[in-house]
Amino acid sequence: MGNLKLKGKNILKIGYPNNQSVNIALEVMKRNFATKNIHHVKSLLKEILQNPEQFEKDLTFGQIAEALLSSKKTEKRMLNTNRATFNIFGNNISDEAKNQLYTALKLPISTQGALMPDAHSGYGLPIGGVLAVENAVIPYGVGMDIGCRMSLSILDTPVSYLDGAKDKYEKALAEHTKFGMYETHKSHVEHEIFDRDTFDMIPILRRLKGKAIKQMGTSGGGNHFVEFGEVEITEEDEQIGLPKGKYLGILSHSGSRGLGAEIAQYYSRVAVEQCPLPKEAQNFAWLDLSTHLGLEYWTAMNLAGDYASACHDDIHRRLVKVVGGRVKARIENHHNFAWKEIHNGKEVIVHRKGATPANENELGMIPGSMTAKGFIVRGKGNPDSLNSASHGAGRAHSRGECRSLFTQNDIKKELKLKNVILMGGNAEEAPMAYKDINEVMNAQSELVDILGTFQPRIVRMDK
């Protein structure tokens, strides 16, 4: 904690009440002012004690101010007997995933929910789950990979180059994409995101800034990928601005890396401490957005989302620089995030965990698998799905099942059949691990219009 010699009795002497505010003050000051003079720290604490209202929204001192202004005990929250209103799209969804949504719908803060046709069970909210709540955010409702997203660049390069110059595209992916926990680029990009004062306002962000700089432009492990493929525009849309036809595309899927993972872990833990719930609902612990911690998570979550977006920009920039061509259109969307939106005339926080925002006329990208087509879509703004759609095909088999079901040989056969080159990847991400993307798309025709497709041709994943 550094060398600040501050003790609880020093804080009590200043006049702090003998309650939780002393521990919080101690933790905040040691975390933020470890190298400062004790007299300076005491004078700050005195200032907060005299006027806690002034510090309520302060990202460093807000937690102390809140503890001084509130003497509320942490009481166990009970679930409602009835579920909030919901809709389920598609039939091929496990009871486990449905039950996870049903539990979420009984939270006293829940107003509406939905399950997308690619849904399967997860921690807390199922993957493919959408949940609207009042004035609160559920870290596990956003997920461990904050801002996990899709990004598609459509280039003016003839699509025939994927066959004619195959080696060039393979080499570009091999040398200019990085995956997993340890691979990083030798040269780091200067990006405006690192100049943001948000990194200095919250201790956990300050600590993670170095890691974020290091991991910029890299992709996660698991089901994350960067691939070259064939884009076909089947319906013209003025937002895309391209005539019908075939184009060469770059598609990437990844999130906010170590930055987002550590934010998620920290605030999920804090939420559970702040918001005790019955055992079956523990992963739905929320942070009230009127509190300092809620505001802190919301700020950190948004920074992680912007960072994820910046990572994709860097991935695409590096590849275009090597393979040439110009980007004619870009389609991208988060699918692990929380948004402030108006539904039924009221502002709510909509959590989409493995779900694509599909507001009216909003563009999005829904991938298939390493061999199956993905779809470029335009949202219909269907209120029954809280303006959402699936984020992919969804898993038909868990990662554990895949390891015992599919061999490298099975995967090679499927790749050969679909004329796809795979670099990296493993049995957990086998094409057969996923539901049929065409069935998933048929189940959400009320949610999105299809404008085009993306057929993977050269795929890079973590080893």
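This dialogue reads the annotated sites of a predicted model.

Q: Which residue does UniProt give as "active site", and where does it lie?
A: The unreviewed UniProt entry places the feature "active site" at His 391. His 391 sits in the loop between β15 (388-390) and α13 (399-405).

Q: Is His 391 buried or exposed?
A: Buried means under 20% relative accessible area. His 391 has 13%, so this residue is buried.

Q: What does His 391 touch?
A: Not counting residues up to four places away in sequence, its contacts include Asp 118, Ile 127, His 335 and Pro 367. With Asp 118 there is also a side-chain to side-chain polar contact of 2.6 Å.

Q: Which residues are listed for "binding site"?
A: UniProt, again in an unreviewed entry, lists Asp 145 and His 224. They span 80 residues in sequence, yet no two of their C-alpha atoms are more than 11.0 Å apart, so they gather at one spot.

Q: What joins the side chains of Asp 145 and His 224?
A: A polar contact of 3.3 Å joins them. Asp 145 is in the loop between α6 (139-142) and β5 (149-155), and His 224 is in the loop between α10 (203-215) and β6 (225-233). His 224 counts as buried because its relative accessibility is 9%.

Q: Where does Ser 254 lie, and what is in contact with it?
A: Ser 254 belongs to strand β7 (residues 245-254) and is buried at 2% relative accessibility. Leaving aside neighbours within four places in sequence, its contacts include Asp 145, His 224 and His 312. The Ser 254 side chain also reaches the backbone nitrogen of Gly 220 at 3.1 Å.

How values were computed
Residues are numbered from 1 along each chain as its sequence is written. This is a predicted model: local features need pLDDT of at least 70, side-chain atom pairs count only at pLDDT 80 or more; totals for chains, interfaces and linings use all residues. Side-chain values use heavy atoms; hydrogens and water are left out. UniProt positions are given in the numbering used here, feature names are shortened, and annotations may be inferred rather than shown by experiment. Helices (H or I, at least four residues) and strands (E, at least two) are DSSP runs, numbered from the N terminus. Buried means under 20% relative accessible area, exposed over 50%, partly exposed in between (1.4 Å probe, protein chains only). Contact means heavy atoms within 4.5 Å. A polar contact is a pair of N or O atoms within 3.5 Å; within protein, one must be able to donate a hydrogen and the other to accept it, and residues adjacent in sequence count only if both atoms are side-chain atoms.
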